[in-house]
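Please look over the sequence and the model first, and then go through the points by topic.

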Amino acid sequence: CYMLQLLLNHPSEAINYMTIFGETPLHVACTEDQPLCVKSLLQYGADPRISESYRLPIHCAVKANSIE
């Protein structure tokens with residue numbers, strides 16, 4: 001995925017970028033049930049505890065029925 005590669009090439013600038021909805025790239029990867037993206041984001045320093053709302057990335061994964 002081009003967007004993931006772009007993020008991973010500039011991890012300190014964008015890896016934990018938060019949208020106006022309080023979601024990070026990790027939230028999106030969990031919501032879309034993309035375990036390889038989740039693993040890559042975590043390896044490059046994505047913080048699984050960041051959230052502006054009550055939803056952490058793990059909550060998104062559970063809601064998406066992700067089994068990985």
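Val 62 is found in helix α5, which covers residues 57-63, where helices (H or I, at least four residues) and strands (E, at least two) are DSSP runs numbered from the N terminus. The model is a predicted one, in which local features need pLDDT of at least 70 and side-chain atom pairs count only at pLDDT 80 or more, while totals for chains, interfaces and linings use all residues. Residues are numbered from 1 along each chain as its sequence is written, and side-chain values use heavy atoms, with hydrogens and water left out.

- Between the C-alpha atoms of Val 62 and Ile 15, which are 47 residues apart along the chain, the separation is 21 Å.

**Salt bridges**
- Side chains of opposite charge can pair when their charged atoms come close.
- The structure holds two salt bridges, each defined as a side-chain nitrogen of Lys or Arg within 4 Å of a carboxyl oxygen of Asp or Glu.
- In one of them, the side chains of Arg 55 and Glu 23 meet at 2.2 Å, N to O.
- This pair links distant parts of the chain, 32 residues apart, with Arg 55 in the loop between α4 (35-43) and α5 and Glu 23 in the loop between α2 (11-14) and α3 (25-31).
- Glu 23 has a relative accessibility of 22%, and therefore counts as partly exposed.
- The side chains of Asp 47 and Arg 49 also form a salt bridge, at 3.1 Å from N to O, and Arg 49 counts as exposed because its relative accessibility is 66%.

**The chain as a whole**
- The secondary structure of the protein chain consists of five helices and zero strands, which gives the pattern α-α-α-α-α when read along the sequence.
- The C-alpha trace spans about 30 × 25 × 15 Å along its principal axes.
- Of the 68 residues in the protein chain, 29% are buried.
- Among contacts (heavy atoms within 4.5 Å) with a separation of 6 or more, 56% are between residues 24 or more positions apart.

Note on methods:
Buried < 20%, exposed > 50% of the residue type's maximum accessible area, 1.4 Å probe, protein only.
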